[in-house]
Amino acid sequence: AHCADRESKNRHFHHQDSSSVMFIAASAALALVLLTSSTFAARGAINLDTLTFDKVVDGSRQILVKFDKQYPYGGAEDEYKTFLADVSKTELLVAEVGVQDYGDKENDDLRERFGVDAETFPVFKLFKIGNSDPITYTGDVTADGLREWVTKDAGIWIGLQGTIESFDTIVQAVAKEKMTVADALIEVAKSAENLHNDDDQASARMYTTILKKIQEKGTAGKGFATKEVKRVEGLVKSKISAAKKTMLETRLNILKSFVSKDKASL
């Protein structure tokens with residue numbers, strides 16, 4: 001009986017050891033994929049190829065994939081890198097497929113598989129959980145455009161410096177005419193009571209100031225945020241102190257929250 005019990009325990013531990021080894025091996029394989037494929041990707045993204053693509057884009061997570069030529073550069077690439085910095089603290093994984101148009105034509109099969117026209121590089125496709133049919137980005141390649149698209153289609157809030165998620169939700173409701181400015185001011189005031197960080201309190205005051213300005217203007221305040229964004233963008237580019245620039249950049253980020261992702265704006 002003791003021998004049988006000992007043999008049963010040995011089988012149990014052997015099964016556990018085998019499971020642990022398999023888990024560690026799978027984790028190591030994924031880590032190796034990410035490590036070895038990140039050589040040419042921009043900071044904040046991983047690089048995928050024909051062999052690693054399906055191991056990572058497997059429907060278990062939301063992944064934004066950028067299809068582009070190898071070693072891209074220029075204005076679109078700069079905007080993309082700015083977007084990467086914005087999205088770095090979210091759960092969204094960003095990956096790149098560098099397509100070679102000469103020699104071995106590496107990853108050209110992935111380009112064909114997803115119907116990507118090389119003449120339209122860079123092309124961004126969002127793969128959602130449990131869905132192998134990606135959503136393709138159709139706007140201009142700008143950090144703002146990519147951020148708004150991801151926020152809308154992936155449901156991921158990408159906060160800029162100085163913005164507060166709960167406040168953004170409130171002002172977006174106003175922009176879409178689902179809440180009045182008066183009610184928004186009440187909600188912002190309530191939410192502000194739970195803020196203890198000095199920077200967050202300063203941001204709350206800025207949200208309040210903008211809402212009051214819109215309220216004062218009445219119907220004339222409908223396009224206030226959009227116009228104010230352009231005005232502040234001009235000030236940020238002017239010769240001002242570093243402290244003033246930081247303050248204006250924060251105001252600019254908050255103002256952009258007042259512009260609806262559905263094109264309606266305050």
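Because the model is predicted, local features are given only where pLDDT is at least 70 and side-chain atom pairs only at pLDDT 80 or more, whereas totals for chains, interfaces and linings use all residues. Residues are numbered from 1 along each chain as its sequence is written, and side-chain values use heavy atoms, with hydrogens and water left out.

The protein contains 10 helices and five strands; both kinds of element are DSSP runs numbered from the N terminus, with helices (H or I) of at least four residues and strands (E) of at least two. Of its 266 residues, 38% are buried, where buried means under 20% relative accessible area, exposed means over 50%, and partly exposed lies in between (1.4 Å probe, protein chains only). Among contacts with a separation of 6 or more, 65% join residues 24 or more positions apart; a contact here means heavy atoms within 4.5 Å.

The five strands make up an open sheet with mixed pairing, in the order S1-S3-S2-S4-S5. Two strands are taken as paired if DSSP finds at least two bridges between them. In general, strands of a sheet pair through backbone hydrogen bonds, either parallel or antiparallel. Strands S1 (46–48) and S5 (135–136) stand at the edges with a single partner strand each, so one side of each has no neighbour in the sheet.

Further in, strand S3 (residues 93–99) pairs with S1 in the parallel sense over three bridges. Here Ile46 has Ala95 of S3 as its bridge partner, and Leu48 stands opposite Val97 in S3. S3 also runs parallel to S2, to which it is joined by seven bridges. On this side, Lys66 has Glu96 of S3 as its bridge partner, while Asp68 stands opposite Gly98 in S3. Six of the seven residues of S3 are buried, so this strand is largely enclosed by the rest of the structure. S2 is mostly covered too, with six of its seven residues buried.

Helix H5 (residues 143–154) lies across S2 (63–69), S4 (123–127) and S5, and runs at about 20° to S4. For such angles, axes are lines fitted to C-alpha atoms (for helices, over the stretch in contact), and values run from 0 to 180 degrees between N-to-C directions.

Rings of Phe, Tyr and Trp (its six-membered ring) pair if their centres lie within 6.5 Å; planes under 30 degrees apart count as stacked, over 60 as edge-to-face and the rest as tilted. The pair of Phe53 and Phe114 is tilted, because the ring planes meet at 45°, with the centres 5.2 Å apart. This pair links distant parts of the chain, 61 residues apart: Phe53 belongs to helix H2 (residues 53–56), and Phe114 to the loop between helix H4 (108–113) and S4. Phe53 is buried at 1% relative accessible area, and Phe114 is buried at 15%. Together with Phe67 and Phe127, Phe53 and Phe114 form one aromatic cluster. Val56, also placed in helix H2, is buried at 1% relative accessibility.

Two lysines lie over ring faces: Lys66 over Tyr80, at 4.6 Å from the ring centre, and Lys69 over Tyr73, at 4.8 Å. A charge sits over a ring if NZ of Lys or CZ of Arg is within 6 Å of the ring centre and within 35 degrees of the ring normal.

Some loop residues deserve a look as well. Lys105, in the loop between S3 and H4, has a positive phi of about 50° although it is not a glycine, and is partly exposed at 45% relative accessibility. Asn107, in the loop between S3 and H4, has a positive phi of about 70° but is buried at 8%. In the loop between H4 and S4 lies Pro122, and the peptide bond from Phe121 to Pro122 is cis, with omega near -5°.
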